[in-house]
Amino acid sequence: MADTAVRTSVLSGKQGGSASVRLTPAPFATRVALRAPAESLKALSSALGVTIPNAPKTSGRKGGRAALWLGPDEWLVIDESGADLMSALAKAEVLHSATDVSHRNVAIIVSGPGAETTISTGCPQDLSLEAFPVGACSRTLFGKAEIVLFRTEDDTFRVECWRSFADFVFGLLAEGAEDAAH
């Protein structure tokens, strides 16, 4: 039997938060950067088993899979079950581009009553439930790092960032969590 390399997350062992917010490294997920014209969305949605949204700041979710709208022809597909998204998309046989970015990104779950305040310490967007409801997503800035922000519940956000920015993003979130506790 051949030895197999095991990739550990850059966030392994990280802990953070305060009395009002928890910072948790998200478990490994498969991620695909997807580009496609509008006429391909029905077939791609069928192949993925989740509706690919076609409106700004929206997402489609089913089970442990989400398709996040990032631009007029761009989505980030996240699957927490370990499914082979690339094979599923290859069977769609419609015009699209799919790139596996699973090892480029990591995610941090920010949850609790202070989650919105914690993220607001480094993000310029209005994150109120009225402006950024459950299911909303956006590519935005957090401090000096680009992130993809996804509100999964009233008081829970998924912060996706590149591995190379993970320590910075986690550290800034930890500072924000401390501020949110006051």
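1. Arginine 151 counts as buried in this predicted model, because its relative accessibility is 1%, below the 20% cut-off. Its side chain meets that of glutamate 116 in a salt bridge, with N to O at 3.2 Å. The two residues sit in distant parts of the chain, 35 residues apart: arginine 151 in strand 10 (residues 145-153) and glutamate 116 in helix 3 (residues 115-120). Glutamate 116 is partly exposed, at a relative accessible area of 28%.

2. The whole structure holds seven salt bridges. One of them joins the side chains of arginine 31 and glutamate 160 at 2.6 Å, N to O. Arginine 31 belongs to strand 3 (residues 30-35) and glutamate 160 to strand 11 (residues 156-162), so this pair ties together parts 129 residues apart in sequence. Arginine 31 and glutamate 160 are both buried. Through shared partners, salt bridges join Arg31, Glu80, Arg158 and Glu160 into one network.

3. A further salt bridge links arginine 139 and glutamate 74, whose closest N and O atoms are 2.9 Å apart. Arginine 139 lies in strand 9 (residues 137-142) and glutamate 74 in strand 6, so parts 65 residues apart in sequence are tied together. Arginine 139 is partly exposed at 33% relative accessibility, while glutamate 74 is buried at 18%.

4. Strand 6 (residues 74-79) also contains aspartate 79, which is buried with a relative accessible area of 3%. The side chain of aspartate 79 makes a polar contact with the side chain of arginine 65 at 2.7 Å, and it reaches the backbone nitrogen of alanine 83 at 3.2 Å. Beyond four places away in sequence, aspartate 79 touches Ala29, Thr30, Gly64, Arg65 and Leu85.

Notes:
Residues are numbered from 1 along each chain as its sequence is written. This is a predicted model: local features need pLDDT of at least 70, side-chain atom pairs count only at pLDDT 80 or more; totals for chains, interfaces and linings use all residues. Side-chain values use heavy atoms; hydrogens and water are left out. Helices (H or I, at least four residues) and strands (E, at least two) are DSSP runs, numbered from the N terminus. Buried means under 20% relative accessible area, exposed over 50%, partly exposed in between (1.4 Å probe, protein chains only). A polar contact is a pair of N or O atoms within 3.5 Å; within protein, one must be able to donate a hydrogen and the other to accept it, and residues adjacent in sequence count only if both atoms are side-chain atoms. Contact means heavy atoms within 4.5 Å. A salt bridge is a side-chain nitrogen of Lys or Arg within 4 Å of a carboxyl oxygen of Asp or Glu.
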